[in-house]
Amino acid sequence: MASHRKSRPAGTRVAGIRTPALATAALTSVALLSQSANAAPADDRPSLEEVEKKVDDLYRQAESATDTYNAAKERTTKQRKQVDTLLDDVARRTEKLNQAREELGSFAAEQYRTGAAAPGTATFLLADTPQDYFDQTQLMGRLTSRQKGAVDDYVSEQSATMKKRQEASQSLQSLTETQSDLKTAKATVQKKLADARELLSELTAREKARLAAIEKAKQEAAARKAAELARQESTPGTGTSTATDPSYATRAAKALAFARAQIGKPYVWGATGPGSYDCSGLTQAAWKAAGVSLPRVTYDQVNAGTTVSLADAQPGDLVFFYDGITHVGLYIGNGMMIHAPKPGAYVREESIYYDGESAIHSVVRPA
């Protein structure tokens, strides 16, 4: 006989108790949510590759801000010299103006004593300018040629002094604005470097070891690329120029000798030697040792010479990196360069492909 009982819904047994299917689904959802919650911090944590990219980006931004800082620092130095020169000129002119004023005063006093002029003549210095007073009183007609010359000199000197004072005021304002830019750029550099250090400090020992392995692999790949370029440079008929201007080669040798002597010195942003350098500070100092004056910052140095192809690069050429032209090194041949890499690193020889071929912006021959 058939049973009239309703069949029980399918379920699972938990601790000896059969649970309804709905409860089972609820428990499953809770378990999944719990797993998701536990996994969230790990999912939100950036991968090691992402951390490396972020740190590299921060260093690059710091280099860009360093160039801004260097440019502002250079402007500050020039503007301060200009202000000092103008203020010295104003002081000299003011002294000369006071002497002219005294001379005119003696003329007026003498005319007053001799009756050659009206009693009010001695008060001409109260007018806006002596010329205004003399024009109003028609005193000029009663002055000797020597006295007229003194008045003309006074008026001319007063006008020149006022002009110089205005120039000094404008230069002081420009200097103040540049000093503000300098302070902002310095703060930006320090913030980027601090952010990079904080990211690196959060890595575990295992992650740091893996990051070092990634960096080593990049260096090995860069070395292989440099070796390939070196083979091309030494192989005739590859399109690489082998002719070198003897005078350029001589100057380049001096620049390279200087750069090699700096290997091992620390990278310090804004530094131009002799104890430390940033990237453009090193290239500027190296070529200065060869008798060639380069601008201070990378985006000016890139225009201080003749652009050549990478295939035609020769020892002494400047190799620039990234779209923003924020880094530069001194080419030594065979796909290698000497450069001041980044904060925490030291001046060293390294492949020009250290950050990949796409990072190379241009090559410039500075002399």
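Are arginine 365 and aspartate 317 buried or exposed? Both are buried, and this is a predicted model, so read every value here as coming from that prediction.

Arginine 365 and aspartate 317 pair up through their side chains in a salt bridge, 2.9 Å from N to O. Arginine 365 belongs to strand 8 (residues 360-365), while aspartate 317 is in the loop between strand 3 (306-308) and strand 4, so the bridge ties together parts that are 48 residues apart in sequence.

## Other salt bridges

The structure holds nine salt bridges. Arginine 75 and aspartate 181 make one of them, with their closest N and O atoms 3.7 Å apart. This pair links distant parts of the chain, since arginine 75 is in helix 2 and aspartate 181 in helix 4, 106 residues apart. Arginine 75 is partly exposed at 36% relative accessible area, and aspartate 181 is partly exposed at 39%.

Aspartate 57 and lysine 53 form a salt bridge at 3.1 Å, N to O. Both are in helix 2, four residues apart, about one turn of the helix. Lysine 53 is exposed, at 54% relative accessibility, whereas aspartate 57 is partly exposed, at 23%. Through shared partners, Lys53, Asp57, Arg60 and Asp355 join into one salt-bridge network.

## Aromatic pairs

There are four aromatic pairs. In one of them, tyrosine 69 and tryptophan 269 have ring centres 4.8 Å apart and planes at 75 degrees, so the pair is edge-to-face. Tyrosine 69 is in helix 2 (residues 48-114) and tryptophan 269 in the loop between helix 6 (246-261) and helix 7 (279-289), so the pair ties together parts 200 residues apart in sequence. Both residues are buried.

Phenylalanine 321 and tyrosine 322 make a tilted pair, 6.2 Å centre to centre with 50 degrees between the planes. Phenylalanine 321 is buried at 0% relative accessibility, and tyrosine 322 is buried at 12%. Arginine 60, a member of the salt-bridge network, lies over the face of tyrosine 322, 3.9 Å from the ring centre.

## The nonpolar cores

The largest nonpolar core has 44 residues, and Trp287, Leu318, Phe320 and Leu330 have the most contacts inside it. Among the elements supplying at least two residues each are helix 4 (145-201), strand 4 (318-321) and strand 5 (327-333). Helix 2 gives the most, with nine residues.

Leucine 330 touches residues including Ala255, Trp287, Asp317 and Met337. Another core, of 16 residues, lies apart from the largest one, and Met337 is among its members.

Methods: Residues are numbered from 1 along each chain as its sequence is written. This is a predicted model: local features need pLDDT of at least 70, side-chain atom pairs count only at pLDDT 80 or more; totals for chains, interfaces and linings use all residues. Side-chain values use heavy atoms; hydrogens and water are left out. Rings of Phe, Tyr and Trp (its six-membered ring) pair if their centres lie within 6.5 Å; planes under 30 degrees apart count as stacked, over 60 as edge-to-face and the rest as tilted. Buried means under 20% relative accessible area, exposed over 50%, partly exposed in between (1.4 Å probe, protein chains only). A charge sits over a ring if NZ of Lys or CZ of Arg is within 6 Å of the ring centre and within 35 degrees of the ring normal. A nonpolar core is a set of buried Ala, Val, Leu, Ile, Met, Phe, Trp, Tyr and Cys residues joined through side-chain atoms within 4.5 Å. Contact means heavy atoms within 4.5 Å. A salt bridge is a side-chain nitrogen of Lys or Arg within 4 Å of a carboxyl oxygen of Asp or Glu. Lists of a residue's contacts leave out its neighbours within four places in sequence.
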